[in-house]
Amino acid sequence: MRVVVLTGAGISAESGVPTFRDADGLWEGHRVEDVATPEAFDAQPTVVQQFYDARRAALTAVEPNPAHVALGRLEEVLGDDFYLVTQNIDDLHERGGSSRVHHMHGELRSALCRACGMRTEWTGDLVDFPPCPGCGVTELRPDVVWFGEIPYEMDTILGVLRRAELFVSIGTSGAVYPAAGFVQYAARHGARTLELNLQPSEGTSFFHESRQGPAGLLVPTWVD
Ligand code: BJW
């Protein structure tokens with residue numbers, strides 16, 4: 001695996017999807033802890049479902065931007081030498097032309113059964129809590145990774161990071177682990193590391209090189 005790219009909320013910002021920790025961030029009015037933990041879901045399932053329903057609905061009004069499209073082109077050129085892992089739960093990479101996207105924090109368009117663990121396509125409004133199509137129990141939740149939960153595909157991701165020649169981080173604050181630790185892990189295993197972000201992230205000093213600016217400009221320039 002030669003090139004590994006990690007993306008965060010910043011890559012979707014120019015498409016109109018709010019980031020988490022910028023001034024107009026998603027969590028204004030909604031503290032992260034109020035909606036993005038299993039405990040919050042236990043305490044207020046309807047509020048949490050409505051929060052994700054709103055984000056799912058907002059997705060229909062946005063389009064991929066030149067940064068997503070450029071990564072789609074890169075996958076076409078590099079094939080199996082390219083691995084894209086995103087912390088985002090939107091589908092803008094897929095709509096931008098990427099066919100192999102690894103969603104380490106889950107996906108808005110997927111539902112997870114708390115009883116049997118089955119992951120299924122999200123079908124409409126789950127505020128009414130329909131039963132799981134696999135086991136029939138009414139335990140569906142958004143298929144996203146909340147604080148305290150283990151992100152998806154960690155073994156695979158760490159494997160590709162060990163084999164990476166280049167690790168590129170795009171539009172992420174470096175505030176949330178384990179993704180924030182990927183740069184040091186990849187560098188320790190011999191990769192060159194590059195950050196493309198609007199401003200220096202919390203982890204900027206760990207990168208060999210850091211470029212600042214909007215992803216819609218920086219990513220196509222880097223890819224081409
Ligand atoms: C632009 C731009 C433009 C703007 N162009 N750029 C080690 C140390 C300390 C704590 C921990 C640790 N390990 C674990 C923890 C605990 C915790 C954690 O990290 N806490 C921190 C707050 C300290 N982590 C966990 O609980 C994780 N689980 C875990 O660690 O399990 C144990 C384990 C793991 C692995 C192996 C074995 C055991 C789970 C974390 C789950 C995070 N979930 C969320 C919600 C997902 C669902 C949802 O979307 O609702 O994921 S929280 C939220 O933050 C979301 C994001 O994916 C994530 C990261 O945010 P991101 O993408 O970086 O966005 P922002 O807003 O922070 O930054 C945007 C950036 O873009 C900014 O820098 C802007 O400048 C930039 N930008 N416009 C380019 N146009």
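Trainee: How many other C-beta atoms lie within 10 Å of Glu-153?

Mentor: This is a predicted model, in which local features need pLDDT of at least 70 and side-chain atom pairs count only at pLDDT 80 or more, while totals for chains, interfaces and linings use all residues. A residue is buried if 20 or more other C-beta atoms, placed from the backbone, lie within 10 Å of its own, exposed if 12 or fewer, and partly exposed in between. Glu-153 is partly exposed because its number of other C-beta atoms within 10 Å is 13.

Trainee: In which loop is Glu-153 found?

Mentor: Residues are numbered from 1 along each chain as its sequence is written. Helices (H or I, at least four residues) and strands (E, at least two) are DSSP runs, numbered from the N terminus. Glu-153 has a positive phi near 60 degrees although it is not glycine. Its loop lies between E6 and helix H7 (154-163).

Trainee: Which strands are the edge strands of the open sheet?

Mentor: The sheet has 3 strands in the order E5-E4-E6, with antiparallel pairing. Each edge strand pairs on one side only, and these are strand E5 (119-121) and strand E6 (140-144).

Trainee: Which residue of E6 stands opposite Ala-111?

Mentor: Two strands pair if DSSP finds at least two bridges between them. Strand E4 (residues 106-113) and E6 pair in the antiparallel sense over 4 bridges. The residue of E6 opposite Ala-111 is Pro-142.

Trainee: How far apart are the C-alpha centres of domain 1 and domain 2?

Mentor: An automatic or database domain assignment supplies the bounds: domain 1 is 1-17 + 64-105 + 151-224 and domain 2 is 18-61 + 107-144. In contact (C-beta atoms, placed from the backbone, within 7 Å) are 11 residues of domain 1 and 9 residues of domain 2. The distance between their C-alpha centres is 24 Å.

Trainee: Why does the ligand lie between the domains, and which residues come nearest?

Mentor: Both domains give residues to the shell around the ligand, so the ligand lies between them. A residue is near a molecule if its C-beta atom, placed from the backbone, lies within 6 Å of it. Of the 37 residues around the ligand, those that come nearest are Gly-8, Gly-10, Phe-20, Gln-87 and Ser-173.

Definitions and conventions:
Contact = placed C-beta atoms within 7 Å.
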